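Dear colleague,

I am handing over the structure below, and I would be glad if you could look through it before reading my notes. What I found follows after it.

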Amino acid sequence: MSVLTSPRGKVEVVHCRRTESQDIYCIKNLIRKFTQKLFGRLNIIYLLEKANLAVTLCNDKEAIMAQATFVDYPNWNVSNQDNWVSVFRELDSEIPCTPLNTLFLHLFVAVDEYSVGCCREIIRTVFKAVPELHFIFLIVPSYMSLGSTLITVFEQVGNIPSLTYDEDFAVHICHRHNHYPQLHIRNARVEDHDDLMPIFMRYDTLLKETYGEYFLAELIEAQDEENHAVVCEVEGVAVGFMSVCSRVNMQLLHECFDLGPFHGLCIPHPDDVLQPPEELSIKGSQDAELGTSNHSSPEIVEEPREPVSPEAMEGIQGRITEEATAEELLSVVHTGNTSEMEDIENLTQQSTMGDTDGCVSCLRLASISMPEETSDFRPIYKGASAAFCIQLFCIEEKYEARSLDFMNFVFSLFPDKNFCIISLPHLTPEFVLIQNFVKIVPFNNCTLEQDLYVFHRAGLLKSIKIRLATLLDTPGVENLVSTLMLNKSILEDLKQYNEARRDHDGTPMKAFVAEVAEQIVGIAVIRDEMLSYALNHTNRKLTLEPKITVNAKIVVVGASNVGISFLETLVFCSHLKFSNLTLISTHGLPGKKLLGTEQRKFLASDHCFHDQDYALMSLCSWVNVVVGRMIAIDRAAKHVVLSKKEIVRYDHLILCTGQQYQVPCPTGADISQHVTNREIPNSGKQQYTDKVPCNHFTLNDEEDCCKALSWIRNNSIIAEGNVIVYGNTIDTYTTVETLLNIGVRGSYIHLVQPPPTSTITCINNYSVESAVEEALRAAGVTVYRDALLAQWNEGRDPDPIRSACFTTPTKPFRLPCSMFFSFCEKNVDYETFKALNDACLVYDGRLVIDTNFHTNDIAIRAAGSLTKFSNKYYSNEWTHSSFSSKEIGFQLAAAMLSLFDPTLEPVTEPPADLDRLIPMYKGAKIQGGILPGSYHYLHIAKPAIPTPLEVQMAQPNFGLEIVTGNAKNGTYFRIHINKYKMVETITCLSKEPFPASNYIRLFGQHEQLLNNLCARYKDKLIPDLYSYFMEPWCMALFHDRFIDLRKELRQILTSKEEEDLPSIEQLARQIEDEEINLKEKPRKYLKRVYQETIYKSLVEKSILDYLHYNHYHLPMYAWPGII
């Protein structure tokens, strides 16, 4: 916040923010004729879209006072965008401008009365926000003066011609040192103590309480060749402090972190061991084939550490190093763990400290318990250390953006060192200095609760050249990519570009290299192609868009749709970067195999994610994937134990394992005694504990489907095998259809349905069920109902299953069996249950959570079908299974973002009475698949407690049912319109494929939006809904931006657009609450108010803007001026 005073003495409190699209209207209103003469006639929308940085200055009422737009190339076309440096160097060779330290002002507008103050504030903010920026150029026609505002910050350098216009243009420059200068760095002196102590004490008093009042002065006095203290000063006053030391415990760092890319932070030595012995290399490759894991560590064992030698440090330097703890953070990060103080006695050589907004932190290289790990090779470095560490760092918040100014000076203190390192507790919020460091990847077995960051001396170089690659760059590129797995592919691409400029199939390609100090440091190869891969995009606008790094260890157990949706939401959060996301899954990430149609049809789909969605998300680029099964949770140590005794540490644990089909437990009844279901005791849900037969399959994911298909083809099942499909879920029907589709004869397929546990069938639609049953009969599939599994192989060894016996309400039966599919009721996996139960997490049939997804452990959250709401809500019939899995995952992520996102308002506790209400999510519950008869099936419904369809239709407020076609003919389309005229249910059964994603978008829409659907159906104008929704009028509904339009229109109707009139939403609520006495019908009144006020024109403008912006995809719509 800053205060501006106008020449007339008026005062405004202002602040800067990034320019947003809604600012365009106000920006246009601030443009004057003089502005157009200076900057030309500009397309503001295009300019903001292409700008590197656009800044808006607002007052405390959020009214726009000024705006400035900066781009990384000159305006007025005075030079080519990629070759302007040479032009400006010829103008004045004394100005070392580069693309990395220069921006160009393309637009500035301001309220006239405050223009000078606004201009200075924006320029100061820009220099503060972009530390690398040193020059801002302004180019205007040479005959134009800058006016009374811009002349205060810019000075003329000279004139240059334009490539387009016949006139010359004046070049003006604004220097950093006049607004937000670099800091002066020098060696610390004892007299700096009085300036620095208030900075330390402002955030925390622990250092003073631990080491005494004059600890800082003693630290400064203790400087020698290995220990230095430096300060930054402004106008003779010290405003920042850094303590650095060249003694680093390299052994511990080599044990904990993968420093291979940095040659172990050591000087190369001829005796370095960089490659594993041949026998270890062979063993390592074998281990790699078993699966990959970013956290595959064995059991942790104690390894003694040698205590620090008395000669390691002197005076206060030694005391701080030996006794520093993570509690010394002068920020919100406090461990509060007094037991850590006891470990400090065993500190090794060094610790490092770092600051967040004037905070202090340290690295405890204490008696760390290191796991024994003999299978993984560790390089051995014999050379001397090439690194020094930052021990203590603190800076005044006002100057924090210039933290990097320290680095040039401290590297000059250690001319033989190439690396600077700093360590922080991993939950420390990222601060400006650390943003310039590289975070080191820890080894799998690292138990050091700190993150290590490194900065190379070369990072001080600020000159980089990007150019097209040439043949002469090949040796440099070979050296650059020599250690990469795909180095051959990159070199082949470079060779192809140099030879033909096109790929082998004729696709145009380009290769760019990055060059620093005549060394190739980067390469990029681009092609014009369209593939089903994740598309990563960047542009000028994003180059200066900051992201907040979140280092919290977030571990997700289970690759269910809930878990994937949760990870997707975090990964694609636009302003946050989660650096420690881990997924634990039995088979890793789903979608890694591009499944064929056969595997996809084994299981029904809930349409949350498809194979292409997984490819486009590319979660493997952002998430550490650990292949394994959770068998235990250590809540005290905050880690998860996997099936191979590996551990994965967490700060936040997310349980999304869901429920799976389980191996059924035969009742053991002897059918030779002619028993019936009534004679079998109800023993509840028993856990099958014997060995699972090799030809028994429970299909829960794509891996299971692949194994089943492989078994079918490798064991002659298609030709002669009898297949039993046991269960009464929709997956039994999709599996039977798959078996028929791959060639298994219907007479060899036996669909055995156990007694139903509910009066509601899995399809819950008599018309659809009748069509499916008829298709089963036509295919020759035998259906058995109310059958309980009694025995496999008549009670003998069940592996493999050769026969299966069942009891019914009447007489038992026996079936030959070559393959047994089980789709009995889903339940929580036993190992998962045991892990939860042993961890003392409250479990009552399912894992108990509250409305914020919390278990009884604040660090553990859970979601999905694994969970149930606590009994205190008195809503046992509602669970997460009642809602869309994708929406549940999104809401789980939204609940957690409040912990990490500083832009969100703090979450307030709800009133006690509202805390007893469970959340009701609105997303559609979907299921679909291909049913017997090759029927393509889709059912979209509102989340609800399951109720028979006949009971629903008997309700007086049911609404309207619209049905076209016939189920048996494969033309069935049913829509349920509720009493509010909204689409509540959609059911499709078709012999032909249909656009399911389009029909999903119809859910929740008003019938009038569907071209007056009810009226047209009543007038018998809709013989076929499939054809109806293929007509051009509805294409806008299926457009991916239509949801944004709906939100925009709703915002218009809910906002108060006229001061003397409430919003349309407020009027509707007043009518509902009978606060307004109307002489006409409410609907007619609201319509009249809408048409007579500004709302009608605003809505129409928003819709027309939507159609105009998307006219390439929606050419069938007309708007004013097109006809």
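Which residue in β17 does R467 stand opposite? Please keep in mind throughout that this is a predicted model. The residue facing R467 is V513 in β17, and the two strands concerned, β16 (residues 465-468) and β17, pair in the antiparallel sense over 4 bridges.

On to the other partner of β17: strand β18 (residues 519-527) runs antiparallel to β17 and is joined to it by 8 bridges, with M509 standing opposite R527 in β18. These two strands, β17 and β18, form a hairpin that has 2 residues between them, and A517 in the turn has a positive phi of about 50°. Strand β17 (residues 509-516) is largely enclosed by the rest of the structure, because 6 of its 8 residues are buried.

In strand β16 you will also find I466, which counts as exposed because its relative accessibility is 56%. Together with L100, I464 and V521, I466 makes a nonpolar surface patch of about 340 Å².

Returning to F70, and leaving aside its neighbours within four places in sequence, the residues in contact with F70 include A51, L53, L103, L105, I122, V126 and I136.

With best wishes

Notes:
Residues are numbered from 1 along each chain as its sequence is written. This is a predicted model: local features need pLDDT of at least 70, side-chain atom pairs count only at pLDDT 80 or more; totals for chains, interfaces and linings use all residues. Side-chain values use heavy atoms; hydrogens and water are left out. Buried means under 20% relative accessible area, exposed over 50%, partly exposed in between (1.4 Å probe, protein chains only). Two strands pair if DSSP finds at least two bridges between them. Patches are made of residues with over 30% relative accessible area and no salt bridge: like charges are joined within 9 Å, nonpolar side chains (Val, Leu, Ile, Met, Phe, Trp, Tyr) within 5 Å. Accessible areas come from the Shrake-Rupley method with a 1.4 Å probe; for residues, only the protein chains shown count as cover. A salt bridge is a side-chain nitrogen of Lys or Arg within 4 Å of a carboxyl oxygen of Asp or Glu. Contact means heavy atoms within 4.5 Å.
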